[in-house]
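Biologist: Hi! Could you walk me through this model?
Modeller: Happy to, here it is.

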Amino acid sequence: MTASLVPLLYLVSAVLFIVGLKGLTKVRSARRGNAVAALAMLVAIVATLLDLGTFDLRWILIGLTAGALIGLVAAMKVEMTAMPEMVALFNGCGGGASALVAAAIFWVDIIEPGLPGTLFESLGAAGSITGFLSIWIGAVTLSGSVVAFLKLSGRLKGRPGWLRPRNVVNGLFALAAVGAGTWVAFLADGATELETATVVLAAVSLIGGWLLVHPIGGADMPVVISLLNSLSGVAAAATGFVLGNNVLIIAGSLVGASGLILTQIMCRAMNRTLLNVLFADFGDGAAGGGSSEYENVRSFSPEEAALVLEAAERVSIVPGYGLAVAQAQHATRALADLLQARGCEVTYAIHPVAGRMPGHMNVLLAEADVPYEQLIEMDQANPEFKRTDVVLVLGANDVVNPAAETDRGSPIFGMPILHVADAGTVIVVKRSLSPGYAGIKNELFEHDNTMMIFKDAKEALQELIAELKELTAAA
Amino acid sequence: MMGALLVGLYVLVLAVFVGFEIITKIPPTLHTPLMSGANAISGITLVGALYAARSGEARVSSILGALALALAAINVVGGFLVTDRMLGMFRSRGKKTS
């Protein structure tokens with residue numbers, strides 16, 4: 001009875017995963033889709049417990065309770081501005097878990113019983129090769145995600161591009177991992193040698209993952225996070241092969257595919273290939289991109305900017321990573337409310353790679369209760385800038401840099417940008433002129449219709465709001 | 001053994017196709033929730049961890065299994081909850097979607 005019940009429950013779970021994921025692609029059904037996916041997980045867990053029959057609860061309870069509690073607290077406490085690092089960390093947990101499961105299977109099936117011969121002889125082609133892949137990909141996902149987490153939360157500094165030549169270093173680590181994997185799967189003879197080989201494979205993979213992500217600059221983080229997301233799914237699918245468990249293969253492949261699509265969308269939004277993000281020594285061309293000295297930059301006070309905003313009928317807000325750093329999403333909403341109360345039309349123009357993960361700005365503005373209809377995608381926003389009186393650039397830089405279209409030597413040449421310079425006036429709020437990522441100069445800051453406000457985004461917005469209120473009261 | 005591998009490959013290839021088909025058009029608004037929801041789904045490896053941690057003895061495999069279980073549970077519980085929290089904030093003009 002249970003013999004066929006368990007596979008059937010797994011089938012139900014797989015179908016629910018597909019339905020849930022599909023739901024997540026539409027705004028109206030997204031929340032329900034997420035709940036359906038969670039239900040699918042529950043079904044899979046119940047089916048597995050049924051399948052285990054008699055089991056000792058000790059380790060299961062310890063692991064489950066500890067993990068569930070940590071996950072619960074983390075999910076409830078995390079600030080929306082810290083969402084990229086949170087997602088990165090969860091990703092790493094999934095990848096690490098997959099690697100650990102594959103390793104645990106090695107220990108259960110071969111090392112602890114002290115089986116002679118190679119892994120290939122005891123687990124067959126499927127188990128041995130996918131076991132190696134699971135540990136490799138899982139460990140790379142784990143250490144890569146931890147680095148991404150540390151970088152995103154500002155705990156780990158490091159100039160992008162310090163590791164050179166990157167393609168050689170990454171290539172060597174990939175070769176070393178394949179070598180160690182061959183040792184694990186085909187060469188290691190007997191339990192003791194397999195133990196050593198597995199530890200070596202895990203170590204090589206962890207270091208390789210670290211070195212893969214560490215030299216990648218902040219602006220490329222949306223690509224990296226999507227890719228790590230995809231890899232955590234691939235690792236789960238590989239573990240599914242080791243266990244011969246189809247629900248793991250299905251769920252893992254779904255995640256792998258969706259992560260890959262997101263990665264592609266992010267790469268296209270930057271006009272770069274995935275290989276270029278991962279392996280090219282980015283930033284080499286920065287010096288060739290003309291002078292990085294600024295001339296004719298005009299700094300204004302919030303008071304002067306408020307006068308311009310007061311006269312505006314159409315305002316477009318372009319948010320960037322600086323908005324998240326300054327936690328200025330609520331102040332942004334307050335300013336938009338004030339402008340709208342004055343009869344001004346306010347929209348938000350969102351570049352696909354603004355921020356540090358796909359959709360980062362959308363989540364931030366949603367937290368501040370901005371209706372999502374006011375968030376306009378790049379393709380729709382660009383033709384509208386000509387009819388826009390004022391564009392307010394809040395902590396964004398590369399995504400509005402005209403060099404992406406005019407300067408062939410620029411490292412960001414070819415990246416689609418928001419054409420904010422078409423608007424009547426561009427107000428740029430930025431902490432300083434520091435070129436930041438890869439030292440790209442932004443000529444927008446020198447345009448005649450650009451007003452620079454050198455302040456933290458939140459501070460500047462609060463002063464703008466105060467000035468606007470004063471102007472309204474005076475009128 | 002090749003039989004199991006082949007069946008697995010069939011399942012893999014078909015599931016990848018399903019994945020590509022259902023996620024063709026995603027509004028940018030949903031990029032983050034989709035990613036974090038998918039991320040929670042990758043915690044399915046929890047099922048594998050259950051197999052690894054089923055023995056009550058203090059062996060290396062059980063400890064690896066328990067560790068895997070803890071990491072996977074963080075991924076699953078944290079992932080689904082944080083996605084729900086995010087989606088609860090998305091609202092349409094005028095009315096709450098939640």
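Predicted model: local features only at pLDDT ≥ 70, side-chain atom pairs only at ≥ 80, totals over all residues.

Biologist: How far apart are the end C-alpha atoms of α5(A)?
Modeller: They are only 39 Å apart, although helix α5 (residues 119-152) of chain A has 34 residues. A straight helix would reach 50 Å at 1.5 Å a residue; that expected span is 1.5 Å times one less than the number of residues.

Biologist: Where is the kink in α5(A) centred?
Modeller: On Ala125(A), with a kink of about 100 degrees. The bend is the angle between axes fitted to the seven residues ending at a residue and the seven starting there.

Biologist: And is α5(A) mostly covered or mostly open?
Modeller: Mostly covered, as 28 of its 34 residues are buried. Buried means that 20 or more other C-beta atoms lie within 10 Å of a residue's own, with C-beta atoms placed from the backbone.

Biologist: New topic: how many residues of chain B are in contact with chain A?
Modeller: 80 residues of chain B, and they meet 100 residues of chain A. Contact means C-beta atoms, placed from the backbone, within 7 Å.

Biologist: Which element of chain B gives the most to that side?
Modeller: α4(B), with 29 residues. α1 (2-22), α2 (31-41) and α3 (45-52) of chain B also give two or more residues each.

Biologist: Which residues does Ala68(B) touch?
Modeller: Leaving aside neighbours within four places in sequence, Ala68(B) contacts Ala97(A), Leu100(A), Val101(A), Ala104(A), Ala49(B) and Ala52(B). Ala68(B) also turns up in the largest nonpolar core, of 207 residues, where Val318(A), Val393(A), Ala68(B) and Leu69(B) touch the most other members. Such a core is a set of buried Ala, Val, Leu, Ile, Met, Phe, Trp, Tyr and Cys residues joined through C-beta atoms within 7 Å.

Biologist: What gives the most to this core?
Modeller: That would be α4(A), with 20 residues.

Notes:
Residues numbered from 1 in each chain as written. Chains lettered and ligands numbered in written order. Helix = DSSP H or I, 4+ residues; strand = E, 2+ residues; numbered from the N terminus. Buried ≥ 20, exposed ≤ 12 C-beta atoms within 10 Å, placed from the backbone. Contact = placed C-beta atoms within 7 Å.
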